[in-house]
Amino acid sequence: MCMEQFDLSCCNRSCPTRLQAGAKMSRRAMFILLMGFFSWVNFQGAAAFADGSQLWFKDGRPVGEALEAVAILSDAAEEGLSPRKYGAAALGQALEATQGAEVMAPGVIMRLEQDLADAMLRYFRDLHFGQIDPRQIQENFTPNAPDRFDPAAHLQRALQTGRMREAVAEAAPQVPLYGRLRQARARYSELADDPVFSKLWQSPLPPLPNGKLEIGESYAGMPLVTLRLIALGDLPRETGMTEFYEGHIVKGIMDFQVRHGMEPDGVIGRKTFAQLGVAPSARVRQIELSMERLRWTPLLHAPRMIAVNIPEHMLEAYEVENGTVDIQTSMRVIIGSALDTRTPLFDGRMRSIEFSPYWNVPLSIARSEVVPKILRDPSYFTRQGFEIVSADGRIITTLSLDDLEAVRTGKMRIRQRPGPKNALGDIKFIFPNKDSIFLHHTPTTHLFEKQRRDLSHGCIRVEDPVGLAKFVLRHDKVWNEERIREAMSAGVSTTLSLREPLQVVLAYNTVQIKNDGRVHFFQDIYGQDKLLDQALRRSVQTSQ
């Protein structure tokens with residue numbers, strides 16, 4: 001039932017509710033009564049307030065908290081939520097009606113009590129836990145403990161103390177990034193609503209000459225590009241207009257490229273051109289999706305954590321104290337290919353490190369890549385340091401077609417010995433999971449120079465394995481940098497169980513706010529934003 005679209009024409013003589021009431025009733029009161037009835041049918045949270053006391057009304061009139069609650073629901077967009085989902089407009093109209101000369105019947109007031117309580121409970125629940133189950137979009141994070149946040153108790157405390165607005169801030173994710181995203185959303189929303197700046201995106205940019213624009217070339221769309229960069233903060237307001245791509249405009253484009261996850265080469269090519277065409281209103285939605293993810297992504301669930309942001313291709317290792325995040329080290333990573341070997345999104349506990357690891361080649365990779373390569377070039381087997389392991393554990397270092405066929409059919413397995421050519425490099429960080437995903441080094445370090453680095457089979461390659469090992473082993477004084485490097489180069493596989501397991505989160509966030517306050521947008525490389533957007537729209541639709 002869409003409260004905002006409720007048609008007053010249903011308040012006619014045949015309305016069953018009217019007939020059952022058997023009493024004269026104004027159209028306004030009937031509107032409120034029916035609206036309350038349909039909300040009441042689906043109401044699940046009012047039981048928490050079923051002691052008969054009124055929270056929102058006194059002597060048939062709304063108290064200040066009721067008006068403030070409706071104002072909070074009307075401002076839900078500031079938190080990346082939809083006011084429509086909570087019937088904010090209809091509740092506002094109903095409360096306005098109760099302030100008229102006519103005093104509403106007790107039944108009408110009772111149902112409005114329930115409607116407003118229900119809306120606020122759903123609002124607090126969505127604000128804290130998120131609007132959907134992340135497993136709907138293949139994000140398998142460990143949820144918050146169910147008793148950690150109680151929307152009913154939270155609302156009751158807010159009402160008792162008269163701290164409704166403070167309660168909103170307390171229910172929101174207590175992650176520093178959330179507050180910065182909230183501010184960024186406000187800035188882009190203001191830009192989208194600005195009568196002057198918003199017109200900059202109403203017309204598309206003219207096509208680029210020869211498909212790209214290089215420094216020194218002229219372009220009919222350069223004044224519009226310049227104005228868009230000014231609006232987005234990539235160029236100062238006093239920048240002059242010209243049709244030539246030169247001077248400060250080049251720097252503005254390079255800053256824009258950095259902020260959008262692109263190589264800052266100063267050339268306006270296909271990708272840069274496409275990003276210049278994204279309107280602020282679309283960025284508002286992108287930010288809202290990131291705010292939603294922070295409600296369920298366990299970024300601060302442990303005092304020491306490692307988080308990999310897939311769209312950014314970056315890893316951060318940090319410590320958390322009193323909600324403050326202290327980043328100890330960060331590095332580039334290589335993630336699973338967006339085409340067919342995507343890195344799954346989940347959290348886990350790192351329990352061990354393997355120095356000089358073997359690479360036990362997964363059967364799918366053995367079949368599709370390693371065995372075919374060996375068949376084409378048998379020297380590849382020895383050159384890359386492979387060996388075959390039989391079902392009874394026997395190690396086979398000589399090559400035969402029968403053994404290769406056994407590997408291909410899964411009766412034997414193939415592995416790569418520790419050494420400079422080992423695909424896992426010289427260290428592996430293990431956090432047990434059903435997808436056999438782990439962090440590791442790589443001999444192909446030149447790939448970290450690429451801007452887009454979805455190149456692995458799903459595991460995550462780290463740019464600075466020594467730095468990561470130092471963070472993991474920080475409180476184990478036996479393991480200093482010298483000993484870490486010694487173990488990595490030993491050529492003999494050894495496994496170290498961690499005294500203090502570490503929380504690892506493989507997260508997905510296409511918007512980040514850097515320390516300088518600038519907003520960075522990254523490509524929705526796995527299409528997760530699209531899935532989340534669809535799921536949230538369904539959530540709003542089904543709630544009405």
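In this predicted model, four strands make up an open sheet with antiparallel pairing, in the order 8-11-9-10. Its edges are strand 8 (359-360) and strand 10 (395-396), each of which pairs on one side only. Inside the sheet, strand 9 (residues 386-389) and strand 11 (residues 413-416) are antiparallel and share four bridges.

Isoleucine 414 lies 7.4 Å from alanine 366, C-alpha to C-alpha, although 48 residues separate the two in sequence. Alanine 366 belongs to helix 13 (residues 363-376). Beyond its neighbours within four places in sequence, alanine 366 is in contact with Val361, Val371, Pro372, Val407 and Ile414. Is alanine 366 buried or exposed? Its relative accessible area is 1%, under the 20% cut-off, so alanine 366 counts as buried.

The chain as a whole has 18 helices and 18 strands. Of its 544 residues, 49% are buried. Among contacts with a separation of 6 or more, 68% are between residues 24 or more positions apart. The chain exposes about 26300 Å², and carbon and sulfur atoms supply 51% of that area.

Helix 3 (residues 64-74) shows how buried positions can be arranged. Ala66, Ala69, Val70, Ile72 and Leu73 are buried in this helix. Viewed down the axis of helix 3, the buried residues fall within an arc of 155°, so they line one face. The buried residues of helix 3 pack against strand 2 (61-62), helix 4 (88-97), helix 5 (106-129) and helix 7 (164-171).

Strand 4 (residues 304-309) and strand 5 (residues 314-321) run antiparallel and are joined by six bridges. Across this pairing, methionine 305 stands opposite tyrosine 318. Four residues lie between the two strands, and histidine 313 in the turn has a positive phi of about 60°. Strand 5 is in turn joined by eight bridges to strand 6 (residues 324-336), again in the antiparallel sense. Here methionine 314 has arginine 332 of strand 6 as its bridge partner. The hairpin of strand 5 and strand 6 has two residues between the strands, and asparagine 322 takes a positive phi near 55°.

Arginine 304 and glutamate 319 form a salt bridge, at 3.2 Å from N to O. Because arginine 304 lies in strand 4 and glutamate 319 in strand 5, the pair ties together parts 15 residues apart in sequence. Arginine 304 is buried at 9% relative accessible area, whereas glutamate 319 is partly exposed at 22%. Elsewhere, salt bridges with shared partners join Arg185, Arg285, Glu288, Asp533 and Arg537 into one network.

In total, the model has 32 salt bridges. One of them joins glutamate 78 and arginine 182, at 3.5 Å from N to O. This pair links distant parts of the chain, 104 residues apart: glutamate 78 is in the loop between helix 3 and helix 4, and arginine 182 is in helix 8 (residues 176-193). Glutamate 78 is partly exposed at 37%, as is arginine 182 at 32%. Another salt bridge joins arginine 295 to glutamate 292, with the closest N and O atoms 3.0 Å apart. Arginine 295 is buried at 4% relative accessibility, and glutamate 292 is buried at 0%.

Conventions:
Residues numbered from 1 in each chain as written. Predicted model: local features only at pLDDT ≥ 70, side-chain atom pairs only at ≥ 80, totals over all residues. Heavy atoms only, no water. Buried < 20%, exposed > 50% of the residue type's maximum accessible area, 1.4 Å probe, protein only. Contact = heavy atoms within 4.5 Å. Areas by Shrake-Rupley, 256 points an atom, 1.4 Å probe, with all protein chains shown as cover. Pairing = 2+ DSSP bridges. Arc of directions from axis to C-beta. Salt bridge = Lys/Arg side-chain N within 4 Å of Asp/Glu carboxyl O.
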